[in-house]
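These are my notes from a first look through a structure that I had not seen before. I wrote them down in the order in which I looked things up.

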Amino acid sequence: MTQESLESELQRLPRDWGVGRLGDLPTVQVIGYGITRPGAHSDDGVPMIRAADIQDGRLLGDEPRRIAFRVHETNLRSQLEVGDVVVVLVGRVGEAAVVTGEFRHWNASRTVAIIRASEPDEAAWLSLWLGSPPVREWCERQATGSTLQRTLSLAALRSLPVPIPPVGPRTALLRAMRLLEAKTATNSRIAECATELSEAHFAREARDSKSWPEQPLASLVHLTAGTAPRPRPDGHGTHTEGGTAFVAPADILQSELPHLYGTERRLPKGKEGRACAPGSLLVASREDGVRAVMNQVPAAIGRNVLALGPESVSDAQWLLHEIRSRGAELAATAQGSAGRELSGRAFGATMVRWPPSDVRERFARLAERLHARAHIAQTENEMLRGLRGRILDSFLSGRFPGKSAS
């Protein structure tokens, strides 16, 4: 979607609505970004929100990066308050979420913008608008930089057009959205619990690992480094329909679940190179550790992604949990200042204690059932996201709640 099509979207708003630039709204008190030099991770430090911690309209706080208290104290301007809207500036630009009480007085990184509105409903509306497909695509068009690290500037964010609906209809919309968010949160918790159970069962099975023989990881899998080019938006600002799912490191690092069922970007047929088969393990790294997912669809992998092809489903399930359980330790196999350049040779040399086949098969049967339950919850959330989009579209046309367009 281009700048012009976003403007066309705004032109169909009801006649009694206003439109203003984000940076000019009188209700917006603060627009800024977070810490540029957070320093090394500090186990007893203050949690910091990063771009990867903002997903699907909510904040994730399970494994926060922590900064030294002295760094936090010298960056009080980026200290978060309840009701702030945080927006991704680097990577998946435009993704937004509202800060809840759980994240009060956390800090934010340079990859995140902070918007402070005067009232909770105003913040909720801004977050909803920022998370809509037209705005996400507009942000992607405004972003600059390399294909591996797209960046949205604060100047561009301030220029974002924002509809200003009447208070009454806006209140009704936000009430409906909160109901959808509550159901989405329940499904997310179901998926998280299923994943946690599989990890707990893995830890139980691995208690006897001292008696198992050690083998290098490269002897257990076929290892491939990613080379596929990152797909570019087409002339209309959208991404190729069909084709093969393209997996960048962010798709792995930001995945809440250990299985990947698709990505936003796709490569057209004939340009994907050698695609990884379903059931492969896809691995990426950042400075705080390595992450792994099992892809469920054919996938083309980009730079700084490793694909591991196990010999069987039971091998794949075991290695998936092995890698995820050793994420921090395996960060030593990565290179570069941010720990993002994963070395295939170093990673393949990692020693793994390999259990008997009956142990792997028993664990795989249980893990597959738990992951299937997580997928059901994830699929329902995808349907809820679609419903959320349809409700928002109806609202922008003046047909929600229960009205004809002006």
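I took helices (H or I, at least four residues) and strands (E, at least two) as DSSP runs, numbered from the N terminus. On that basis I listed 11 helices and 23 strands in the protein.

Ground rules next. This is a predicted model, so I kept in mind that local features need pLDDT of at least 70 and that side-chain atom pairs count only at pLDDT 80 or more, while totals for chains, interfaces and linings use all residues. Residues are numbered from 1 along each chain as its sequence is written, and side-chain values use heavy atoms, with hydrogens and water left out.

**Confidence.** I looked up pLDDT, the predictor's confidence in each residue, from 0 to 100. The protein averages 88, and 93% of the residues score at least 70. Where pLDDT is low, the predicted coordinates should not be read in detail.

**Overall form.** Along the principal axes, the C-alpha atoms fill a box of roughly 70 × 50 × 35 Å. Of the contacts between residues at least 6 apart in sequence, 78% join residues at least 24 apart.

**Burial and cores.** I counted a residue as buried under 20% relative accessible area, exposed over 50%, and partly exposed in between (1.4 Å probe, protein chains only). Buried residues make up 50% of the 406. I then looked for nonpolar cores, meaning sets of buried Ala, Val, Leu, Ile, Met, Phe, Trp, Tyr and Cys residues joined through side-chain atoms within 4.5 Å. The largest has 43 residues, of which Leu 22, Ile 115, Leu 126, Leu 130 and Leu 157 touch the most other members. Helix α3 (residues 120–130) gives the largest share of this core, 7 residues. Another core, of 27 residues, lies apart from it and includes Val 283 and Leu 319.

**Helix α11.** I checked its length: 40 residues reach 57 Å from first C-alpha to last, close to the 58 Å expected at 1.5 Å a residue. The expected span is 1.5 Å times one less than the number of residues. Leu 384 lies in this helix and counts as buried because its relative accessibility is 14%. Leu 384 touches Leu 180, Lys 183, Thr 184 and Asn 187, leaving out residues up to four places away in sequence. Just after α11, Gly 398 takes a positive phi of about 80°.

I noted an open sheet of 3 strands, in the order β16-β14-β19, with mixed pairing. Two strands pair if DSSP finds at least two bridges between them. β16 (266–267) and β19 (299–301) stand at the edges with a single partner strand each, so one side of each is left without a neighbour in the sheet. Strand β14 (residues 244–247) runs antiparallel to β16, joined by 2 bridges.

Technical notes: Contact = heavy atoms within 4.5 Å.
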